[in-house]
Amino acid sequence: MGAKGRKSLTNKLQQKALQRVEASAKKEAAPADYLPLEGGPARKLPVQKEPVDKATVLYIGRIPHGFYEDEMKAFFSQFGVVKRLRLARNRKTGRSKHYGYIEFLSPEVAKIAAEAMHNHLLFEHLLQVYLVLPERVHPKLWKGASRRYEPLNWVEIERKRQDKERTLQEHHKLVEGILKKDKKRRRKIEAAGIDYECPEFVGETLVIPKKIRFE
């Protein structure tokens with residue numbers, strides 16, 4: 001390294017040392033926030049930034065029956081624009097699981113709604129409303145939120161189950177179950193001391209005694 005290079009490096013080191021001294025002097029000159037109880041020099045507290053509210057999703061628990069998607073959207077729209085809504089339902093029966101989620105367009109509106117509706121009495125239920133932080137929102141949370149719920153037609157499902165064609169083995173199993181229930185019913189009638197002539201099964205046909213036949 002030549003003389004010019006050494007001189008340039010020396011100047012840079014001197015400038016950095018001077019900057020460190022000036023920064024230290026400014027720090028000492030700044031007013032201290034508190035004195036340590038153990039003694040020693042005064043210290044200054046670090047500047048804390050105000051947390052920014054970004055949560056727009058609300059968890060709502062203890063939802064009563066009858067307070068479903070349409071009712072929830074109409075009710076919570078008084079606070080602001082509701083972006084999405086999902087009520088947890090049983091996959092088999094379609095009944096409400098008494099909890100759900102609502103997403104507002106604005107985080108300020110979500111905060112106001114959470115504060116106003118937490119422990120709010122609705123149909124003898126105290127609603128439990130909490131803000132859900134963005135990092136805690138599951139990617140599949142809104143799956144099926146836009147799909148309208150259609151209750152299952154259990155009458156049609158049961159009709160198809162009863163009317164389906166059975167194999168010979170399934171038919172024998174069904175008759176065995178009927179005979180087993182019939183024996184159990186006969187034992188209960190005898191134990192109760194009731195004189196009653198029960199219908200008899202001949203093969204797989206029910207034969208009603210003449211005494212109790214209806215003309």
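Analyst: Let's start with T56, which lies in the loop between α1 (3-29) and β1; helices (H or I, at least four residues) and strands (E, at least two) are DSSP runs, numbered from the N terminus. This is a predicted model, in which local features need pLDDT of at least 70 and side-chain atom pairs count only at pLDDT 80 or more, while totals for chains, interfaces and linings use all residues. Residues are numbered from 1 along each chain as its sequence is written, and side-chain values use heavy atoms, with hydrogens and water left out.

User: Is T56 buried or exposed?

Analyst: T56 counts as buried because its relative accessibility is 16%, where buried means under 20% relative accessible area, exposed over 50%, and partly exposed in between (1.4 Å probe, protein chains only).

User: And what is T56 in contact with?

Analyst: Leaving aside neighbours within four places in sequence, T56 is in contact with I102, E103, F104, S106, P107 and A110, contact meaning heavy atoms within 4.5 Å.

User: E103 is charged, so what does its side chain meet?

Analyst: The side chain of E103 meets that of R84 in a salt bridge, at 2.7 Å from N to O; the term requires a side-chain nitrogen of Lys or Arg within 4 Å of a carboxyl oxygen of Asp or Glu. This pair links distant parts of the chain, since E103 sits in strand β3 and R84 in strand β2, 19 residues apart. E103 counts as buried because its relative accessibility is 9%, whereas R84, at 34%, counts as partly exposed.

User: How many salt bridges are there in the whole structure?

Analyst: A search of the whole structure finds six. Among them is the one between R89 and E69, at 3.0 Å from N to O, which again links distant parts of the chain, with R89 in strand β2 and E69 in helix α2, 20 residues apart. R89 is buried at 18% relative accessibility, and E69 is partly exposed at 23%. D182, R185 and R186 are linked in a network of salt bridges.

User: Switching to the sheet, how do β2 and β3 run?

Analyst: Strand β2 (residues 82-89) and β3 run antiparallel, joined by six bridges; two strands pair if DSSP finds at least two bridges between them. R89 has S96 as its bridge partner in β3, and in the hairpin of these strands, which has six residues between them, G94 takes a positive phi near 80°. On β1 (residues 57-61), five bridges make an antiparallel pairing with β3 (residues 96-104), and I60 stands opposite G100 there.

User: Which residues touch the most other members of the largest nonpolar core?

Analyst: Of its 19 residues, those are L58, I60, M72, F76, I102, F104 and V129; a nonpolar core is a set of buried Ala, Val, Leu, Ile, Met, Phe, Trp, Tyr and Cys residues joined through side-chain atoms within 4.5 Å. At least two residues come from each of β1, α2 (69-76), β2, β3 and α3 (107-117), and α3 gives the most, with five. A second, separate core of five residues includes V57, Y101, V132 and W142.

User: Last one: which residues of α5 are buried?

Analyst: They are V175, D182, R186 and I189. Just after α5, G193 takes a positive phi of about 75°.
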